[in-house]
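Hi everyone, thanks for coming. Please bring up the sequence and the model on your screens, and we'll walk through them together.

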Amino acid sequence: MRPAARVEHLPPYLFAELDRRIAERRAAGQDVISLGVGDPDSPTPSHVVDAVLEAARDPATHQYPSYYGMPELRRAIAAWHERRFGTALDPDTEVLPLIGSKEGLAHLAVAFVDAGDETLVPDPGYPVYGIATQLAGGTPVPVTLPAERGYVPDLDDAPLSARTKILWLNYPSNPTAAVADLSFFERAVAFAREHDLLLAHDAAYSEITYDGYVAPSVLEVPGAKDVAIEFHSLSKGFNMTGWRIGWCVGSPEAIRYLGTVKTNVDSGIWNAVQRAGIAALEGPQDHLQHLRGVYQKRRDLVVGTLNRLGWDLEPPLGSIYVWAPTPDRQSSAEFAELLLDRAAVVVAPGRGYGAAGEGFVRFSLTVDDARLEEAMGRVAGAVGG
């Protein structure tokens, strides 16, 4: 049995590897606290759960769903975008529901990347952009996000070639927690238009922001739908990671090509989950204020603890992470190993997010307050000792 070279040469997925190491330690009897994976610990809002329970009892939801998503869901997504960002979308041509935004990110490369093509991927950045490019036969080309620029790239220095197809962006960012303003998106849209690129913006964390910052959409830029597609998810803002529901919006052409791929490889989202998605988008949004408050308190605990230990971090304005340099010039793997060995605390090594992530680690804020406080106490003991 011989695997395809495209799979054989892939590195282990960072979070799968973290899960394996956590399981090993726990099997050995260690009380491990994982700050490695960004999986919300709060429950899904009750009105969304009620909606899926009611829908699951309806035999009409037990058959194949629409390949392109329920029209009611597409209309709910379009209406949410207009309320949230002031952007008008055609629910029939500019909206496509996804089985979680990660699935759509991966399939976008299949739709646009041929063997030998290149995509511009943020470094450090979410690993799926580069891996999806490789699986499609292309080459991911890193675009460094310098810390001194707030982890926003200088597009004038982007390593373009005649084979470049996609520019990937992600704000609020995973892993750096950086944010971008609308003026940057205006520059990015102009850059994509000038170089005939598809701009793919991953906005999965758009609703998790702090200190009065409100994340913009790239589609707020006039003419953005000519060149851009944007990905959203109910995972983080509605604590629905396990439900697998997201969507992409924007360029009708990009939506059409992505939809062509999806109709050939999946059968859509279970209709009961789609009805729950409608309830989430059309129902009460007051949980978001509470959720932001929970994460902001945790952010302040992590940043405050690290700063007392000698770091000099600014509290991030978005996402559910704190991105921190390693002390004493340790590699990201060395420092993560130290915390695991001395504190039984798991953090994500920055090298897993690209070469520019070396020398950093990512702390996730998705454990309950008491466990996070215990974890940071352990970190203080490990580092301070």
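**A strand and its neighbours**

What you are looking at is a predicted model, in which local features need pLDDT of at least 70 and side-chain atom pairs count only at pLDDT 80 or more, while totals for chains, interfaces and linings use all residues. Residues are numbered from 1 along each chain as its sequence is written, and side-chain values use heavy atoms, with hydrogens and water left out.

A word on names: helices (H or I, at least four residues) and strands (E, at least two) are DSSP runs, numbered from the N terminus. Two strands pair if DSSP finds at least two bridges between them. Strand β6, residues 198–202, pairs with β7 in the parallel sense over four bridges. Strand β8, residues 246–250, runs antiparallel to β7, and five bridges join the two. There, Ile229 has Gly250 as its bridge partner.

For β7, residues 228–233, the count is six of six. Ala228, Glu230 and His232 point one way, Ile229, Phe231 and Ser233 the other way, and all are buried.

Now follow the chain into two loops. Arg244 lies in the loop between β7 and β8, and its phi is near 60 degrees, a positive value in a residue other than glycine. Arg244 counts as partly exposed because its relative accessibility is 31%. Asp196, in the loop between α7 and β6, also has a positive phi, near 55 degrees. At 69% relative accessibility, Asp196 counts as exposed.

Next, the cis peptide bonds. One joins Asp123 and Pro124, with omega about 5 degrees; Pro124 is found in the loop between β3 (118–123) and α6 (128–135). Another runs from Asn174 to Pro175, with omega near 20 degrees.

Finally, let's zoom out. The protein has twelve helices and twelve strands, and 55% of its 385 residues count as buried. Along its principal axes, the C-alpha trace spans about 60 × 55 × 50 Å. Take contacts, meaning heavy atoms within 4.5 Å: among those between residues at least 6 apart in sequence, 75% join residues at least 24 apart.

Methods: Buried means under 20% relative accessible area, exposed over 50%, partly exposed in between (1.4 Å probe, protein chains only).
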